[in-house]
Amino acid sequence: AAIINIAQKRFLTVFEANYTSVSDSLNAPNRDLRPIELTPHPVAKRLADYLVTMAILSDHIPEDFRIPFNSATHRLMKQTDKLINKISQEFADKKEQTVFLIANYGLIVTSAIDRGVFNKAAQNTVGVTKDIHSIQKGFDYAVTQFLDDQIKQFKYFTTMINFSNEWGPLVENKVKIDTAANPQFNAENVSS
């Protein structure tokens, strides 16, 4: 029991050092975070290694330490996510911001897949695995944003995409449109 207490205290000490480092970076001027490139930032690499390691260890953590363990890991993940988003704002081009987010979130998700904890993350939505699942959602959103932006550059797809975005939810929810109240939707008024 004494060794477990020492390990828990050591974990919290190391965690606080990492958390303070990320928080200091979040509050630092952007020039201190350079060089900023479209490749994953070193902070994302550290978070990827940390989350994967914690996901592997989570099965072996004593029950009475799981709440502080999961809470500490979640705090670090949220702070690092804020930092990655702050750094992405350094790119003037929206497309480059999205590519930067994809690179960073993708690194974390890929690390989880490579180490075999991603399937566990999909099945278990508590603690560290919940954080990995949250990163996956950020990755999916950034990829969708990027693809939408790319497709919208094609002149003929824009109208179809706007139509789909507008009408898709209405069709899925089986919304009925009264043509008397909305004559623009009446078949006689629609030009081909």
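**A chat about the model**

Visitor: Where does Arg75 fall: buried, exposed or partly exposed?
Guide: Arg75 counts as partly exposed, at 34% relative accessibility. Buried means under 20% relative accessible area, exposed over 50%, and partly exposed in between (1.4 Å probe, protein chains only). This is a predicted model, where local features need pLDDT of at least 70 and side-chain atom pairs count only at pLDDT 80 or more, while totals for chains, interfaces and linings use all residues. Residues are numbered from 1 along each chain as its sequence is written, and side-chain values use heavy atoms, with hydrogens and water left out.

Visitor: Good to know. What does Arg75 form a salt bridge with?
Guide: Its partner is Glu16, with the closest N and O atoms 3.5 Å apart. A salt bridge here is a side-chain nitrogen of Lys or Arg within 4 Å of a carboxyl oxygen of Asp or Glu. Arg75 sits in helix H3 and Glu16 in helix H1, so the pair ties together parts that are 59 residues apart in sequence. Glu16 is also partly exposed, at 34% relative accessibility.

Visitor: How many salt bridges are there by this rule?
Guide: The count comes to two. Arg115 and Asp49 meet in a salt bridge at 3.9 Å, N to O. Arg115 is partly exposed at 46% relative accessible area, and Asp49 is partly exposed at 39%.

Visitor: Let's zoom out. How many helices and strands does the chain have?
Guide: Seven helices and zero strands. Helices (H or I, at least four residues) and strands (E, at least two) are DSSP runs, numbered from the N terminus. Of the 192 residues in the chain, 33% are buried.

Visitor: Which residues touch the most other members of the largest nonpolar core?
Guide: Phe11 and Leu51, in a core of 38 residues. H1, helix H2 (42–57), helix H3 (66–88), helix H4 (94–114) and H6 each supply at least two residues of this core, and H2 gives the largest share, nine residues. A nonpolar core is a set of buried Ala, Val, Leu, Ile, Met, Phe, Trp, Tyr and Cys residues joined through side-chain atoms within 4.5 Å.

Visitor: And which residues does Leu51 touch?
Guide: Leaving out residues up to four places away in sequence, Leu51 touches Thr73, Met77, Ile108, Val128, Asp131, Ile132 and Ile135. Contact means heavy atoms within 4.5 Å. Ile132 is buried, with a relative accessible area of 1%.

Visitor: Back to H1, please. What joins the side chains of Ser23 and Gln79?
Guide: A polar contact of 3.0 Å. That means a pair of N or O atoms within 3.5 Å; within protein, one must be able to donate a hydrogen and the other to accept it, and residues adjacent in sequence count only if both atoms are side-chain atoms. Ser23 lies in helix H1 and is buried at 10% relative accessibility.
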